Amino acid sequence: MPYLTSSTASTTGTGVRTGLAVPGYAHPLLAPTEWGELTRPGTPLHWVVLDVADGPGSRPDPHCLEAAGRLRNVGVRVLGRLDAAHGARPFDATVSDARSYLDWYRVDGFLLDRCPGDPASLPAVHRTVTALRAIRDDAHIVLGHGTHPHPGYAGIADQLVTFSGSWSDYRWSQVAEWTADHPPELFCHFVHGVPGPHLEEALRIARWQGAATIWFTDRVDPGGHGDPWEGMPGYWDEIVSRVGTGVSE
């Protein structure tokens, strides 16, 4: 299998704790069960993305503030989603949204979604990350490339999303060789359409490719027009149990 041919070190025996990252549930009024499950004791969460209305919205939303507060109270990081629009979003608009997230929801950091990954965009992304850290110096910054970016991006953020896509693509994916020079804590994988019987295989791929933060779901993205991340996977209890007990380490 292609994902087993990389020289990237696996997380087995390293003491690295695999955990879940939620790319963005639906609004708490539309997905109250999903948001409630995230505060269950023992859930192995690294962070949860809050996407109010394709960003922070135009005004504070009390339901989102309450949901974010419950997560912080149990020690889970909450990240605000900022859309980089593949490099087309104006710098000032991105920073303005970040300030709104901090003022209204007291987020712990940001997911810079649809982040470009080419070498030419590196200075602009670095400028944005520097600005985000200026308004909250301990912000947890995740760059949502969705694929392997130029290796220079590894030095400017806390984590990189190096895969975001379907199970059919993920199961035959190959890891970039440069990732072997970095710890698994740097990398995140988001995969939709993972059938329940293949969950263990998906966890194995993440382990071999050196990604310590994952989100796997059996929900699908029909024709690219849906959002497979807006609800919990049908095997939620199973993945919480498998990851929480360290089965994927």
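Colleague: Which residue just after α2 takes a positive phi?

Modeller: Glycine 75, with a phi of about 85°. Helices here are DSSP runs of H or I, at least four residues, and strands are E runs of at least two, numbered from the N terminus. Bear in mind it's a predicted model: local features need pLDDT of at least 70, side-chain atom pairs count only at pLDDT 80 or more, and totals for chains, interfaces and linings use all residues. Residues are numbered from 1 along each chain as its sequence is written, and side-chain values use heavy atoms, with hydrogens and water left out.

Colleague: And what caps the N-terminal end of α2?

Modeller: Aspartate 61 does, with a side-chain oxygen 2.9 Å from the backbone nitrogen of histidine 63.

Colleague: Which residues in α2 are buried?

Modeller: Cys64, Ala67, Ala68, Gly69 and Leu71. Buried means under 20% relative accessible area, exposed over 50%, partly exposed in between (1.4 Å probe, protein chains only). The cover over them includes α1 (32-37), β2 (45-50), β3 (77-83) and α3 (91-105).

Colleague: Switching to cysteines, how many disulfides does a search of the whole structure find?

Modeller: Zero, taking a disulfide as a pair of cysteine sulfur atoms within 2.5 Å. For cysteine 188, the nearest cysteine sulfur belongs to cysteine 115, 13 Å away.

Colleague: Why does cysteine 188 count as buried?

Modeller: Because its relative accessibility is 0%.

Notes
Contact means heavy atoms within 4.5 Å. A polar contact is a pair of N or O atoms within 3.5 Å; within protein, one must be able to donate a hydrogen and the other to accept it, and residues adjacent in sequence count only if both atoms are side-chain atoms.
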